[in-house]
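Visitor: I would like to go through this model with you. Could you put it on the screen first?

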Amino acid sequence: MKALVLRGKNDLRYETGYPDPAPVAGEVLMKMTYSSICQTDIEVWQHDPFGMFARDSRPRIQGHEAAGIVIELGEGVTSLQVGDRVAVENVRTCGTCFFCRKGRASLCESGRNFGFSDNGGLAEFAVWPASLCIKLPDSMSNEEAPLSEPTSVGVHAVLNSGVHVGDTAAVIGCGVVGLATLQVLQAAGARVIAIDPRPESLRLAAELGAIATLNPTEVKPAELLPGLTNGYGPDVVIETAGAAGTALNAVEWVRRGGRAVIVGFGSTPQEVVFSRTVGGEKTVMGSSAAGAGDYRKAVELIASGKVNVKPLISAKVPLDRGIPDGFERMLKPTKDVFRILVGNG
Ligand SMILES: [Zn+2]
Ligand SMILES: [Zn+2]
């Protein structure tokens with residue numbers, strides 16, 4: 001089959017003779033429609049940050065934000081039929097480790113991942129357990145479907161934030177995950193303030209319903225946030241930027257007694273002044289990927305129109321152009337895109 005094959009760090013190739021996958025019991029074979037490329041794919045391609053190729057050198061097909069059409073059922077599959085359009089819930093937890101048994105599947109120690117540990121969607125065909133292929137509602141397009149993955153990250157963060165109806169929240173970082181998180185917060189009944197240095201992101205945040213947008217290169221959010229809230233600051237701050245200082249900003253800007261949820265992976269150390277955090281009884285928590293059920297919620301939120309991912313799709317390119325028009329465009333320092341869809345629909 002045709003596929004974008006990562007054969008090692010910084011060695012991504014378009015190949016036409018990659019072996020076709022076959023579904024084992026419980027799996028389905030899909031003809032892939034679209035996969036979207038995210039920054040994590042670029043990092044894995046360029047730097048192998050998870051050390052995948054250090055552990056074993058087998059080639060991998062990326063594409064963890066993916067959708068397809070079921071074309072063959074493995075033995076015992078009854079939940080789906082040939083022809084069903086599906087989105088791929090990419091995290092496959094083991095169900096038996098310490099964390100899975102504690103109900104904390106997002107911390108699973110031996111989980112597998114479509115597009116990382118296992119071959120993903122940047123190919124003509126892929127296999128995955130039927131239980132993790134979510135049938136798309138009629139109101140959801142094949143183009144929107146891959147965006148269920150970043151939306152599920154937003155769902156997980158919002159659930160972790162413990163936000164209440166009528167709360168005011170701030171989102172730091174308005175890339176795809178941030179703009180999805182903004183809309184999930186709104187669906188949960190919160191008013192949202194968007195914070196990002198990129199004017200285009202703030203324009204979109206306002207269009208998607210943010211009550212205020214703050215550009216930290218122009219204004220001081222710490223000074224403006226109390227006036228935009230109840231005088232004390234946001235009840236909840238969700239950080240999705242992963243930039244130098246942004247996790248610290250979340251902790252500093254959330255009101256006393258509020259909760260800062262850190263989603264972004266920043267590599268720069270950031271020092272928290274714990275006396276203020278302790279004195280203000282603030283909660284700081286990390287939120288990683290998604291937990292069981294979050295992906296289905298994401299699909300429902302998109303299908304019902306509560307989360308609009310259409311403006312986050314910047315371009316659509318066929319598989320054979322995925323490297324020059326997808327990966328290489330995302331790599332440019334002048335990156336002017338949210339998500340690029342790769343596939344042939
Ligand atoms: Zn991603
Ligand atoms: Zn587990």
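**Contacts, core and loops**

Guide: Among contacts in the protein chain between residues at least 6 apart in sequence, 69% join residues at least 24 apart; two residues are in contact if their C-beta atoms, placed from the backbone, lie within 7 Å. This is a predicted model, in which local features need pLDDT of at least 70 and side-chain atom pairs count only at pLDDT 80 or more, while totals for chains, interfaces and linings use all residues. Residues are numbered from 1 along each chain as its sequence is written, and chains are lettered from A and ligands numbered from 1 in the order in which they are written.

Visitor: How many helices and strands does the protein chain have?

Guide: The protein chain has 11 helices and 18 strands, where helices (H or I, at least four residues) and strands (E, at least two) are DSSP runs numbered from the N terminus. Its radius of gyration is 20 Å, close to the 20 Å from the globule rule for 345 residues, so the chain is as compact as a globular protein of that length. That radius is taken over C-alpha atoms, and the rule is 2.2 Å times the number of residues to the power 0.38.

Visitor: Which residues touch the most other members of the largest nonpolar core?

Guide: They are Ala169, Val171 and Val237, in a core of 92 residues. Such a core is a set of buried Ala, Val, Leu, Ile, Met, Phe, Trp, Tyr and Cys residues joined through C-beta atoms within 7 Å. Helix H5 (residues 176-187) gives the largest share of this core, seven residues.

Visitor: And what is Val171 in contact with, leaving aside its neighbours within four places in sequence?

Guide: Its partners include Gly178, Thr181, Leu182 and Val192.

Visitor: Moving to H4, why is it described as largely enclosed?

Guide: Because 13 of the 14 residues of H4 are buried, the helix is largely enclosed by the rest of the structure. A residue is buried if 20 or more other C-beta atoms lie within 10 Å of its own, exposed if 12 or fewer, and partly exposed in between, with C-beta atoms placed from the backbone. After H4 comes Gly162, with a positive phi near 65°.

Visitor: What about Asn10, in terms of phi?

Guide: Asn10 is not a glycine, yet its phi is positive, about 65°. Asn10 sits in the loop between strand S1 (3-6) and strand S2 (12-15), and it counts as exposed, with 11 C-beta neighbours inside 10 Å.

Visitor: Where is Asp48?

Guide: Asp48 is in the loop between helix H1 (39-47) and helix H2 (52-55). Its phi is also positive, near 50°.
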